[in-house]
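Me: Please take a close look at the charged pairs in this model. Which partners meet, and how accessible are they to solvent?

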Amino acid sequence: MSHPVANVLRERAAGGSRPGARDDPHRVALALEGGGMRGVVSAAMTAALERLELTRCFDLVIGASAGAINGAALLAGAARRGAAAYCGPLASRTFVSPARVLRGKPVIDVNRILDLAAGLDAAGHERIVGSGTDFRCVATDVDSARPVVLSGMRSQRELWDALLASSRMPWAGGAPVEIGGRRYLDGGMGSAIPVAEAIVAGATHVLALQTRPHGVPRRSASRVGDVLIERHLRRLNPALVTLYRERVAGYERVVEDIARRSLDHAAGPPHVLGIRPPAGTPCVSQLERRPAVLGRAAAGAERLVEQTLSLRAALRPAPAT
């Protein structure tokens with residue numbers, strides 16, 4: 001039996017449904033996980049959505065960190081280009097360089113991906129605004145130590161600032177991004193897979209693109225890294241340290257909820273379907289630079305979306321998530 005989220009996407013695709021001119025009462029959201037260079041997974045998944053002509057089937061696109069960038073690229077019509085860039089120009093020391101932090105510069109140059117890979121030039125921005133799809137991204141508010149949703153970005157500068165805020169890694173990414181007198185850090189600290197935010201925004205159906213393979217828990221990269229990050233966060237707001245320490249447990253609760261909803265087709269509304277790499281798939285590192293590793297992850301992610309959501313998939317059971 002096919003999942004309600006897959007069903008409504010296929011029905012909208014077959015019927016030529018477009019934002020602002022729907023024949024159904026649903027509000028369908030796409031929620032994207034990031035994770036630095038592991039964002040190649042959700043980028044490749046959006047490339048598959050683009051190829052399957054499903055972009056217009058979403059009423060809301062919301063992401064955190066690299067997931068927000070990948071969501072913006074999808075609405076800009078640049079999802080395939082963005083996914084390819086992870087395995088090409090972004091897999092280099094000019095984009096990912098841990099040594100830069102010693103010079104007080106960010107480990108990952110997010111400006112480069114916005115400029116190079118996401119199609120977020122003036123024309124791309126106009127395509128996002130003109131898509132009719134509500135685009136939002138999650139960031140962490142420094143002063144409240146809570147995840148917040150940034151929305152209503154009308155200008156190209158506002159869009160870039162929101163994406164930079166959503167993806168500003170603590171410590172390794174540099175100083176918080178300031179927007180309207182508020183300071184922001186990486187949205188993945190408080191809401192790495194923004195399904196709850198999509199539901200609060202009225203979603204009746206949510207497709208969640210997850211970047212960690214099934215069975216791979218979230219964990220810190222290193223104890224030394226945790227010490228440096230927590231020291232940095234404590235100077236900004238001690239409450240951020242608590243948020244950072246609780247991120248793993250919070251993430252696992254979300255993952256378990258997505259898995260439960262994905263398997264229980266009768267659950268909802270809201271209905272939630274998670275797509276994630278299967279158990280046994282190598283997990284891409286946040287700072288991965290090897291093109292072969294990134295390329296294999298991207299190819300597998302594209303196939304997974306094709307198997308789950310294509311019209312042909314309606315004739316066979318969806319893969320386990």
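**A salt-bridge network and its surroundings**

Reply: Start with D59. Its relative accessibility is 11%, so D59 counts as buried, the cut-off being under 20%. This is a predicted model, and every value here is computed from it. The partner of D59 is R22: their side chains form a salt bridge, with N and O 2.9 Å apart. The two residues come from distant parts of the chain, 37 residues apart. D59 sits in the loop between helix 2 (40-51) and strand 2 (60-64), while R22 sits in the loop between helix 1 (4-15) and strand 1 (28-32). R22 is buried too, at 18% relative accessible area. This pair does not stand alone. R12, R22, D24 and D59 make up a network of salt bridges. Across the whole structure, the search finds 17 salt bridges.

Now compare other pairs. R212 and E33 form a salt bridge, with their closest N and O atoms 3.2 Å apart. They too link distant parts of the chain, 179 residues apart. R212 lies in the loop between strand 7 (205-209) and helix 9 (223-236), and E33 lies in the loop between strand 1 and helix 2. Both ends are buried: R212 has 9% relative accessibility, and E33 has a relative accessible area of 1%.

R245 and E230 give another case. Their side chains meet in a salt bridge, 2.8 Å from N to O. R245 belongs to helix 10 (residues 238-263) and E230 to helix 9, so the bridge ties together parts 15 residues apart in sequence. E230 is buried at 13% relative accessibility. R245, at 54%, counts as exposed because the cut-off for that class is over 50%.

Next, the nonpolar side. In soluble globular proteins, nonpolar side chains tend to be buried together. The largest nonpolar core in this model has 63 residues. L30, L49, L120, F135, L163, L207 and L309 have the most contacts inside this core. Helix 2 contributes the most to the core, with 8 residues.

Beyond its neighbours within four places in sequence, F135 contacts residues including V61, L75, I128, L150, M153, L159 and L163. G71 and S151 are also among its contacts. A second core is separate and has 18 residues, among them A29, L60, V195 and Y251.

Notes: Residues are numbered from 1 along each chain as its sequence is written. This is a predicted model: local features need pLDDT of at least 70, side-chain atom pairs count only at pLDDT 80 or more; totals for chains, interfaces and linings use all residues. Side-chain values use heavy atoms; hydrogens and water are left out. A salt bridge is a side-chain nitrogen of Lys or Arg within 4 Å of a carboxyl oxygen of Asp or Glu. Helices (H or I, at least four residues) and strands (E, at least two) are DSSP runs, numbered from the N terminus. Buried means under 20% relative accessible area, exposed over 50%, partly exposed in between (1.4 Å probe, protein chains only). A nonpolar core is a set of buried Ala, Val, Leu, Ile, Met, Phe, Trp, Tyr and Cys residues joined through side-chain atoms within 4.5 Å. Contact means heavy atoms within 4.5 Å.
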